[in-house]
Amino acid sequence: MANVLLIAANNYKDPYPVYPLGVAYLSKYLKTHLPNDIISEFDFNLQSYENLKSLLQKQTFDIIGISLRNIDDTNIFAKNSFIEHYKRINDIVRSLSKSKIILGGSGFSIFPEIIFQELNPDYAIHGEGEDSLLQLINAIKNQEDTQNIPGLVFYNKLSNSIKINEKGNYIDKPELEIGKNEAEYYWNESGMLNIQTKRGCPYNCIYCSYPIIDGKKVRTLEPQKVLENIIHLNKTLGINYLFFTDSIFNINNEYNNKLCNLIIDSKLNISWGAYFSPNNLTYEDLKLYKQAGLTHIEFGTDSLSDTQLRNYQKNFTFEDI
């Protein structure tokens, strides 16, 4: 049996705290597939360095995963880097625990080699993490070889270098399990909770990290499972506004129509928003989405110049906008 702690390291709350969705999916996946292990979470939006020190002094963990959501605040005027914050978390864990440290998360996945060098964990996982983390925990528990696990980042002693395995083993039925206290905090502070319907992005916008984090292959998540997660958030926790964190919601409209019809048939009283592209979108699509609760669109427009849109490698024109 292993005692596993998953740390959501993000503590940036401007303009509002964001629910650590990646850690929530990981936690539920591990609890489902490792029923005899202890899986717990620590959220830096809700707790502090002192809370972490106290926890590590009271409890012994075999494995600690640290999820890095962002690298900086993406604000050219402020230029706040979060790397020192992550180093401090890593140092606290190293000083108070003998656990194996595993890094992951969207921020890590953008710069896996650089951050691995900076923080020097035992292991790391880039990209989608559920199945790879499960394999890694089992390998650590059973003292088995870990080097061929998809998405694994590790230090190879033979080559004296950091090795980054290719991604793989994608899942299509992630489940959410959000505690009542956490739901209340994020609902009160931000007025929404997050959920996914797709992972991956096929587009080539030159500045975007989504294809690096999620991969370019689009995987639609099983619509009935997404609906069940939405029903849980709505009926059990009282959440009635969601934001779909897909790279672009209207990538696969056949899938979207199926999901929206499920939401409409469920008669849920929810509203939602998402990122949209100005292309691959009709008024008929929007009418259906509105029936299903769509109230908020964020268009990735970026420019009203066709020349600049081509420079950005956008797949739409000013006419589409």
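## Overall fold and helix α5

Of the contacts in the chain with a separation of 6 or more, 67% join residues 24 or more positions apart, a contact being heavy atoms within 4.5 Å. The model is predicted: local features need pLDDT of at least 70, side-chain atom pairs count only at pLDDT 80 or more, and totals for chains, interfaces and linings use all residues. Residues are numbered from 1 along each chain as its sequence is written, and side-chain values use heavy atoms, without hydrogens and water.

The chain holds twelve helices and 13 strands, which are DSSP runs (helices H or I, at least four residues; strands E, at least two) numbered from the N terminus. Its C-alpha trace spans about 55 × 45 × 40 Å along the principal axes. Of the 321 residues, 51% are buried; buried means under 20% relative accessible area, exposed over 50%, and partly exposed in between (1.4 Å probe, protein chains only).

Helix α5 covers residues 112-119, and its buried residues are Pro112, Ile115, Phe116 and Leu119. These residues lie on the same side of α5, because their arc around the axis is only 105°, taken from the directions from the helix axis to the C-beta atoms. An α-helix has 3.6 residues a turn, so residues three or four places apart point the same way. The face turned away from the buried side carries the exposed Ile114 and Gln117. Just after α5, Asn120 has a positive phi of about 50°.

Among the elements that cover the buried residues of α5 are these:

| Element | Residues |
|---|---|
| α3 | 83-96 |
| β4 | 100-104 |
| β6 | 152-156 |
| β7 | 161-164 |
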